[in-house]
Amino acid sequence: MIDEIVTGAEQRMQKSVGSLEDAFKKIRTGRAHPSILDSVMVSYYGTDTPLNQLANVHVEEGRSLLISPWEKQLIKEIEKAILKSDLGLNPSNNGDTIRVPMPPLTEETRREYTKQAKHEAENTRVAIRNIRRDANSDFKDLEKEKEISEDEYHHAEDQVQKLTDKYVAVVESTFHSKEEDLLSF
């Protein structure tokens with residue numbers, strides 16, 4: 001019973017960290033990286049489809065992305081989707097491919113993106129602590145119903161606290177590497 005609760009808590013914490021990494025992919029740095037466009041959805045025969053399923057995306061000269069659609073008639077739709085994506089990117093279409101230059105980040109933009117990354121990291125830390133609280137509540141219920149002893153209860157709490165510390169440290173290190181990326185020129 002205890003192991004199931006601990007395993008469930010760990011899986012939820014892993015998902016929280018995964019969500020943070022996905023959120024960080026959407027916060028662009030000064031460098032071009034294909035994952036920046038992962039959230040772009042293109043209308044493909046009436047269905048919103050992720051851009052990476054409709055085209056190859058390559059980094060070109062470190063400062064721009066080159067998008068090669070598999071179907072040439074999609075160029076206008078892809079261009080429209082990038083403009084609507086709220087990423088602050090201006091694609092240019094040459095008929096066969098789309099080039100997306102990455103504008104250099106200003107100091108103010110860097111600070112704003114860093115603040116956004118900090119906010120995402122804090123939300124993830126809160127989610128992890130909420131998972132710990134839920135698990136500890138489950139342990140408390142088991143102890144009240146005399147399904148586990150007081151020692152088992154304290155041992156289970158310690159296990160979940162160690163998991164919490166581990167995943168909060170992962171959040172910290174992920175945030176610091178993103179912050180470093182954002183603030184490096």
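Me: Helices (H or I, at least four residues) and strands (E, at least two residues) are DSSP runs, numbered from the N terminus. In which helix is Asp138 found?

Reply: Asp138 is found in helix H3, residues 107-144. This is a predicted model, in which local features need pLDDT of at least 70 and side-chain atom pairs count only at pLDDT 80 or more, while totals for chains, interfaces and linings use all residues. Residues are numbered from 1 along each chain as its sequence is written, and side-chain values use heavy atoms, with hydrogens and water left out.

Me: How is the sheet read: which strands form it, and in what order?

Reply: Two strands pair if DSSP finds at least two bridges between them. Here four strands form an open sheet, in the order S3-S4-S6-S5, with antiparallel pairing. Strand S3 (55-60) and strand S5 (92-93) are the edge strands, each pairing on one side only.

Me: How many bridges join S3 to strand S4?

Reply: Six bridges join S3 to S4 (residues 64-69), and the two strands run antiparallel. Within this pairing, His58 has Leu66 as its bridge partner in S4, and Glu60 has Ser64. Ser64 also has a bridge partner in S6, namely Pro101. That bridge belongs to the pairing of S4 with strand S6 (residues 98-101), which is antiparallel and runs over four bridges.

Me: Is S4 enclosed or open, and how many of its residues are buried?

Reply: Buried means under 20% relative accessible area and exposed over 50%, with partly exposed in between (1.4 Å probe, protein chains only). The areas come from the Shrake-Rupley method with a 1.4 Å probe, and for residues only the protein chains shown count as cover. Five of the six residues of S4 are buried, so S4 is largely enclosed by the rest of the structure. A residue of helix H3, Ala117, is also buried, at 0% relative accessibility. For a separation across the chain, take Ala117 and Lys15: they are 102 residues apart along the chain, and their C-alpha atoms are separated by 17 Å.

Me: Which residues have a positive phi although they are not glycine?

Reply: Most residues other than glycine have a negative phi. Among the exceptions here is Tyr45, with a positive phi of about 50 degrees. Tyr45 sits in the loop between strand S1 (41-44) and strand S2 (47-50), and is exposed, with a relative accessible area of 65%. Another case is Lys146, with a positive phi of about 60 degrees. Lys146 is in the loop between H3 and helix H4 (150-183) and is exposed as well, at 73% relative accessible area. Glu61 also takes a positive phi, near 60 degrees, in the hairpin of S3 and S4, which has three residues between the strands.

Me: How many salt bridges does the structure hold?

Reply: A salt bridge is a side-chain nitrogen of Lys or Arg within 4 Å of a carboxyl oxygen of Asp or Glu. The structure holds ten salt bridges. One of them joins Arg12 to Asp134, with the closest N and O atoms 3.2 Å apart. Because Arg12 lies in helix H1 (residues 2-25) and Asp134 in helix H3, the pair ties together parts that are 122 residues apart in sequence. Arg12 is partly exposed, with a relative accessible area of 40%, and Asp134 is partly exposed at 26%. Asp134 also forms a salt bridge with Arg133, at 3.3 Å between the closest N and O atoms.

Me: How many residues apart do Glu143 and Lys140 lie in helix H3?

Reply: Glu143 and Lys140 are three residues apart in H3, about one turn of the helix. Their side chains meet in a salt bridge of 3.6 Å, N to O. Glu143 is buried, with a relative accessible area of 16%, while Lys140 is partly exposed at 35%. A network of salt bridges links Glu122, Arg125, Arg129 and Glu172.

Me: Which residues gather in a patch of negative charge?

Reply: Patches are made of residues with over 30% relative accessible area and no salt bridge; like charges are joined within 9 Å, and nonpolar side chains (Val, Leu, Ile, Met, Phe, Trp, Tyr) within 5 Å. Lys and Arg count as positive and Asp and Glu as negative, with His and the chain ends not counted. The place of a charge is taken as NZ of Lys, CZ of Arg, CG of Asp or CD of Glu. On the surface here, Asp138, Asp141, Glu145 and Glu147 gather in a patch of negative charge. Asp138 counts as partly exposed, at 35% relative accessibility.
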